[in-house]
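Here are a few exercises to work through with the model on screen. Try each task before you read its solution.

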Amino acid sequence: MTPHDLLIPTWRNMLRALSGMTDKAAKHEKGDALLAEKLADDMLPLSTQYRFVTNLPGEGLARLAGLDFTSRDDDPATFAEAKERIAGALAMLDRVRPDDFLGAEEKFDMTLPIGMTFHLSAQEYARDWALPNFYFHTSTAYAIMRMNGVELGKADLVPHMGAYVKAAA
C-alpha cells in the first residue's frame, strides 16, 4: 500500500465525517460559542481542532507530494468557516495523483515548531505521524462536541463504514 492509497481515502473519509458532525454542531443551542469549548483546561478548543484537522492533509501533501501549502495559524470563528475549511481540504485532496508522492521508502526530515527533528520514510510518516495526529484531532473534535450535548454517535465518526455493511442472509 502506498502513502497515497492510505492517506487520501482516509483523510477524505474523516473530513466528510467531520463535515457531517459540523452540521449537527452548528444547530446546537450554544451556536458558534461551542467552538471555544475544550475537553480539559490544558487542551486546545474545538476551533483549534478544526484548524489542525484541515491543515494536516496539506502539511502531509507538502512533505510527501511537493504540494505548495501554507498552514493557517488562525482558528475558524464560526461553524460556517469550519465547513469552508473542510471543503477546501477535500478539494485539495481531489487534485493529488498517486504519482505525485515520494516513494514509500524515501526519507526526509520533519522539524516541529519546537525544534525537534524526525528522519522518516514516506511510509513511516504516513503511518506514525500523519494518521495518528489526524485521528487524534478529529476524535478530539468529536469528543468536545459530544461532551457538550451535540447528538453524535460512533456512526457520525465513521459513516463511511456503511458502504461495507453486509446484507442479512
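**Exercise 1.** Sort the lining of the largest pocket into nonpolar, polar and charged residues.

*Solution.* Start with the classes: Ala, Val, Leu, Ile, Met, Phe, Trp, Tyr, Cys and Pro are nonpolar, Asp, Glu, Lys and Arg are charged, and the others, Gly among them, are polar. The lining then splits into five nonpolar, five polar and four charged residues. A pocket here is an open set of points on a 1 Å grid over the protein atoms alone, where a 1.4 Å probe fits, with protein on both sides within 12 Å along at least five of seven lines; lining residues have an atom within 4 Å of a point. Next, look to the centre: Leu-56, Glu-59, Leu-112, Pro-113 and Trp-129 lie nearest. Finally, helix H2 (46–65) and helix H4 (122–147) each give two or more residues, and H2 gives the most, six. Helices are DSSP runs of H or I, at least four residues; strands are runs of E, at least two, both numbered from the N terminus.

Keep in mind that this is a predicted model: local features need pLDDT of at least 70, side-chain atom pairs pLDDT 80 or more, while totals for chains, interfaces and linings use all residues. Residues are numbered from 1 along each chain as its sequence is written, and side-chain values use heavy atoms, without hydrogens and water.

**Exercise 2.** Work out how strands S1 and S2 pair.

*Solution.* Strands pair if DSSP finds at least two bridges between them. S1 (107–111) and S2 (117–121) have five, in the antiparallel sense. Thr-111 sits opposite Thr-117 in S2. In the hairpin, five residues come between the strands, and Gly-115 has a positive phi near 95°.

Note on methods:
Buried means under 20% relative accessible area, exposed over 50%, partly exposed in between (1.4 Å probe, protein chains only).
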